[in-house]
Amino acid sequence: MSSAPLISPVPTPSAVPRHVAIILDGNGRWAKQRHLPRFAGHKAGVEAVRRVTRAARGMGIEALTLYAFSSENWRRPEEEVNDLMGLLRVFIRSDIDELVRENVRLRVIGDYRRFAPDLVTMVDAAVARTRDNTGPILAIALNYGAQAELAAAARRLAERLAPDQIDEAAIEAELETRDLPPLDLLIRTSGEHRLSNFLLWQAAYAELLFVDTLWPDFDGEALAQAVAAFGRRQRRYGGL
């Protein structure tokens with residue numbers, strides 16, 4: 001795990017991970033560096049989402065999962081949470097037609113039903129519009145926490161299975177990512193070196209990459225660099 005600068009040839013198809021997840025970090029610091037309000041950083045972060053999702057499609061990445069709002073983000077000031085919810089509304093209104101046109105399947109993981117009723121309705125409608133698409137998956141983590149996901153999976157399994165029937169496959173089948181490809185590459189922006197309760201089970205054998213770039217500055221070239229770094233790694237899964 002390194003935040004050293006990356007050298008970036010355009011990745012070859014054989015080196016492209018099937019499933020990439022990104023922790024979107026650094027919006028506030030980006031704004032602070034420019035003497036702007038935090039909202040400006042979050043707004044710039046939405047533009048980065050657009051750039052990166054388009055680049056991922058162009059590279060042939062099958063699934064892209066973005067950590068947009070964690071279950072811990074409720075601790076932020078109410079005004080900032082409201083700003084984030086407003087940006088989510090704007091993103092759905094402005095981008096859903098493109099996702100439909102580009103054959104992208106939108107998925108949401110996390111307990112987003114805690115959001116305002118109108119936003120829940122918007123999310124449900126957006127997911128429904130793309131449900132029959134057959135192309136790449138864009139999964140957005142909203143009010144998501146991996147520990148809560150695992151605890152909920154354990155409770156459901158305990159209700160119907162004996163202890164000796166619960167194995168790794170049973171747990172996998174209860175996770176919110178069960179219909180996504182296995183996670184290959186997890187990226188965190190902004191120089192922080194932690195997972196922050198994101199995809200803890202799924203990341204067991206994923207390649208982890210921590211980069212110094214603040215999320216609003218992350219783009220297609222940065223994603224290509226990350227994918228190229230992934231392609232240079234040897235994945236042994238515990239073997240030789």
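How many bridges join strand 2 (residues 63-70) and strand 4 (residues 137-144), and in which sense do the strands pair? Strands 2 and 4 are parallel and share seven bridges.

## Basis

This is a predicted model, in which local features need pLDDT of at least 70 and side-chain atom pairs count only at pLDDT 80 or more, while totals for chains, interfaces and linings use all residues. Residues are numbered from 1 along each chain as its sequence is written, and side-chain values use heavy atoms, with hydrogens and water left out.

Six strands form an open sheet in the order 3-4-2-1-5-6, with parallel pairing. The edges are strand 3 (105-109) and strand 6 (207-210); each has a single partner strand, so one side of each lacks a neighbour in the sheet. From one strand to the next the twist averages 20°. Strands (E, at least two residues) and helices (H or I, at least four) are DSSP runs, numbered from the N terminus; two strands pair if DSSP finds at least two bridges between them.

Within the pairing of strands 2 and 4, Tyr67 has Ala141 of strand 4 as its bridge partner. Helix 2 (residues 38-59) packs on the sheet and touches strand 1 (19-23), strand 2 and strand 4. The direction of helix 2 makes about 160° with that of strand 2. Axes are lines fitted to C-alpha atoms, for helices over the stretch in contact, and angles run from 0 to 180 degrees between N-to-C directions. Contact means heavy atoms within 4.5 Å.

The expected span of a helix is 1.5 Å times one less than its number of residues. Gly60, which follows helix 2, has a positive phi near 85°.

Helix 3 (residues 78-101) has 24 residues and should span 34 Å; its end C-alpha atoms are 35 Å apart, which agrees. Helix 3 also bends by about 45° at Asp95, the bend being the angle between axes fitted to the seven residues ending at a residue and the seven starting there. After helix 3 comes Asn103, with a positive phi near 65°.

## Nonpolar cores

A nonpolar core is a set of buried Ala, Val, Leu, Ile, Met, Phe, Trp, Tyr and Cys residues joined through side-chain atoms within 4.5 Å. Buried means under 20% relative accessible area, exposed over 50%, and partly exposed in between (1.4 Å probe, protein chains only). The largest core has 50 residues, and those with the most contacts inside it are Ile22, Phe115, Ile187, Phe218 and Leu223. Helix 3 supplies the largest share of this core, nine residues.

Beyond neighbours within four places in sequence, Phe218 contacts several residues, including Ile22, Ala48, Val52, Ile187 and Leu223. A second, separate core of 15 residues includes Ile109, Ala141, Ala206 and Phe210.

## Serines in loops

The loop between strand 5 (185-188) and strand 6 holds Ser190, which has a positive phi of about 85° although it is not a glycine. Ser190 is buried, at 8% relative accessible area. Ser196 lies in the loop between strand 5 and strand 6 and has a positive phi near 50°. Ser196 is partly exposed, at 31%.

Ser71, in the loop between strand 2 and helix 3, is partly exposed, at 28%. Not counting residues up to four places away in sequence, Ser71 touches Asn143, Tyr144, Gly145 and Asn197.
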